[in-house]
Amino acid sequence: MSVSEARPIRRRTLHSEIVDHLRELIVSGELEPGQKIPEKALCERFDISRTPLREALKALAAEGMIELLPQRGARVVTITDEELQELFPIIASIEALAGELACEKISDAQIDAIRQMHEDMIEAYRASRSLEYSRLNRAIHFAIFEAADNASLLALYRNLELRIRNIRHTVRQAPRDWKEAVSDHEKILQALAARDGSRLGKIMRQHVMNTARTVRHSIDELQDSAFVSDQE
């Protein structure tokens, strides 16, 4: 391989590494929803120039995790109360339908694959590896949609999931809420293995609404924190 051929690979690797680092800072809560991205500090931390950092910020903006501000940098996105009330009931209904359809069509191999992802997710939960937990959590939800084998439903979910992906990642999840989410996934796996569509649909609907409640609590805490800061 020539030098000219190798350079783009190195650039893509650097880009991916920066994106991953930034995503982890957001997921871990080090960069909070609504917080402006401290570009200078991050460049010093990662020992990079502004150009690769801003390319990484554009990638995260495409994912919906940050918002680019014209002439003012970027900030971690948050969600309005109106968006919360509009989006999550729709997501809950779509996920419930996907669960019902999946139970009619899912293969043993697909169940085994989801079970393995679930076990890996539990390990990440016990080790408090939030980024890995979030990745596996999302993979399980998509695996259920793929098992439902309905292209239109999957396309709709992909569109809506992109809008709430940053919320699921950036929400400050209290230990009790995280434990409840893991319990929900245990029930999801059991209903899926039993191919009990009616039960799985109800569990997935409630699971999404539980997430909405957690997000609501997080928004309230952020608003309270901002109010206190303004008063100081």
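Colleague: What percentage of the residues of the chain count as buried?

Modeller: Of the 232 residues, 43% are buried. Keep in mind that this is a predicted model.

Colleague: OK, confidence. What does the pLDDT average over the chain?

Modeller: The average is 84. A score of at least 70 is reached by 82% of the residues.

Colleague: Which helix is lowest, and which is highest?

Modeller: Helix α1, residues 3-28, is lowest, with a mean of 67. Helix α5, residues 108-126, is highest, at 97.

Colleague: Where does pLDDT stay under 50?

Modeller: Residues 1-10 are one such stretch, with 2 contacts beyond four places in sequence.

Colleague: Switching to the fold. How many helices and strands are there?

Modeller: The chain has 9 helices and 2 strands. From the N terminus, the order is α-α-α-β-β-α-α-α-α-α-α.

Colleague: How do β1 and β2 pair, parallel or antiparallel?

Modeller: Antiparallel, over 4 bridges. β1 covers residues 66-69 and β2 covers residues 73-76. L68 has A74 in β2 as its bridge partner.

Colleague: What about the turn of that hairpin?

Modeller: There are 3 residues between the strands.

Colleague: Now contacts. Of those between residues at least 6 apart in sequence, what share joins residues at least 24 apart?

Modeller: That share is 71%.

Colleague: And aromatics? How many pairs does the structure hold?

Modeller: There are 4 aromatic pairs. Take Y133 and W178: their ring centres are 5.1 Å apart and their planes are at 75°, so this pair is edge-to-face.

Colleague: Which parts does that pair tie together?

Modeller: Y133 is in helix α6, residues 130-148, and W178 is in helix α8, residues 175-193, so the pair ties together parts 45 residues apart in sequence.

Colleague: Are those two buried or exposed?

Modeller: Y133 and W178 are both buried. Another edge-to-face pair is F142 with Y157, at 5.2 Å centre to centre and 65° between the planes. F142 sits in helix α6 and Y157 in helix α7, residues 151-170, 15 residues apart. Both F142 and Y157 are buried too.

Terms used
Residues numbered from 1 in each chain as written. Predicted model: local features only at pLDDT ≥ 70, side-chain atom pairs only at ≥ 80, totals over all residues. Heavy atoms only, no water. Pairing = 2+ DSSP bridges. Buried < 20%, exposed > 50% of the residue type's maximum accessible area, 1.4 Å probe, protein only. Contact = heavy atoms within 4.5 Å. pLDDT = per-residue confidence, 0-100. Phe/Tyr/Trp six-rings, centres within 6.5 Å; stacked < 30°, edge-to-face > 60°.
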